[in-house]
Amino acid sequence: MKIAVTGKGGVGKTTISALLALELAAQGRKVFAIDADPDANLASVLGIPDADSIRPLVDMKALIKERVGATSEDIGSYFTMNPRVDDIPEQYGVRMGNIRLLVLGHIPKARGGCACPENIFLREMVNHALTQQEEVVILDMEAGVEHLGRGTAGGVDVMLIVVEHSRQSIETAHRIYKLARELGIVHVLAVVNKLTHSSELTSIENALAGIPVIAALQDDRTIREESLQGFGVQYTSDTKAKIKDLLTIIENRQSTKPSCP
Ligand SMILES: Nc1ncnc2c1ncn2[C@@H]1O[C@H](COP(=O)(O)OP(=O)(O)OP(=O)(O)O)[C@@H](O)[C@H]1O
Ligand SMILES: [Mg+2]
């Protein structure tokens with residue numbers, strides 16, 4: 001099962017990615033978590049010790065040069081478009097129990113439509129994870145679907161768009177939904193986060209018009225307050241129950257084929 005988590009900045013993508021990963025791991029499943037947000041913090045939210053010292057893949061210039069044949073500093077060099085990446089999760093992933101985490105780092109924007117070696121390497125890694133990796137994959141993304149090309153998106157079983165009670169997060173959700181559907185992702189589903197009042201859910205659902213909402217998490221003071229400590233996400237039993245339900249819904253959804261694409 002391959003789950004991509006996206007949504008506007010600050011809505012709770014990383015928190016929900018971590019909660020899903022921790023719940024799956026607690027159920028005995030092997031999880032491959034990928035932090036694809038340039039401003040990476042999934043490691044600390046997961047509670048991985050020494051999270052700050054994890055080196056993002058994009059900074060491993062020697063490795064990228066070895067695999068791709070060049071880095072973006074080697075102007076005019078030839079490089080391969082399909083570098084070997086199958087050993088990267090094992091070699092460079094950080095383990096915590098059933099969870100293995102890979103931090104990608106900031107993917108440089110391609111200039112003038114050209115692909116740069118770092119970009120090729122990270123894209124190939126995401127592609128490999130989504131199409132070859134046997135573990136459950138959770139991809140914590142930035143607000144958008146930029147990491148996913150047409151080929152890669154085909155590997156995503158479920159894309160979760162996290163939204164909160166704000167116009168901006170809903171506008172972003174519509175933009176992402178459209179792009180994700182254009183890329184051919186079948187199950188693009190909204191998760192409402194940080195609800196402070198039940199009436200908010202109705203107005204969010206109305207504004208999301210057409211984007212299915214599959215879960216709604218309350219604003220959980222424990223998450224907010226404990227996040228300041230930086231020792232991994234802490235949460236109430238109510239949030240835990242919601243995450244378990246969310247996983248059940250995701251698993252049921254992804255195992256059903258849609259009636260129309
Ligand atoms: N259900 C919740 N209740 C209370 N606080 C929450 C909840 N979900 C997330 N938060 C808090 O909201 C803040 C943003 O969450 P998070 O970092 O997960 O968002 P994000 O979408 O990954 O942000 P970014 O776009 O910066 O990567 C954090 O302080 C987090 O602890
Ligand atoms: Mg985040």
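Predicted model: local features only at pLDDT ≥ 70, side-chain atom pairs only at ≥ 80, totals over all residues.

Reply: Residues are numbered from 1 along each chain as its sequence is written, while chains are lettered from A and ligands numbered from 1 in the order in which they are written.

Me: Why are E6 and E7 called paired strands?

Reply: Strands are DSSP runs of E with at least two residues, helices runs of H or I with at least four, both numbered from the N terminus. Two strands pair if DSSP finds at least two bridges between them. Strand E6 (residues 158–163) and strand E7 (residues 187–195) run parallel and are joined by 6 bridges, so they meet that definition. Val162 has Val191 in E7 as its bridge partner.

Me: What makes E3 and E8 edge strands?

Reply: The open, mixed sheet has 8 strands in the order E3-E4-E2-E5-E1-E6-E7-E8. Strand E3 (94–96) and strand E8 (213–218) each pair on one side only.

Me: Which residues come nearest to ligand 1, and what classes make up its shell?

Reply: A residue is near a molecule if its C-beta atom, placed from the backbone, lies within 6 Å of it. Of the 18 residues around ligand 1, the nearest are Gly9, Gly12, Thr14, Thr15 and Ser227. The shell comprises 3 nonpolar, 8 polar and 7 charged residues; Gly is counted as polar. Helix H1 (13–26), E7 and helix H9 (221–227) each supply at least two shell residues.
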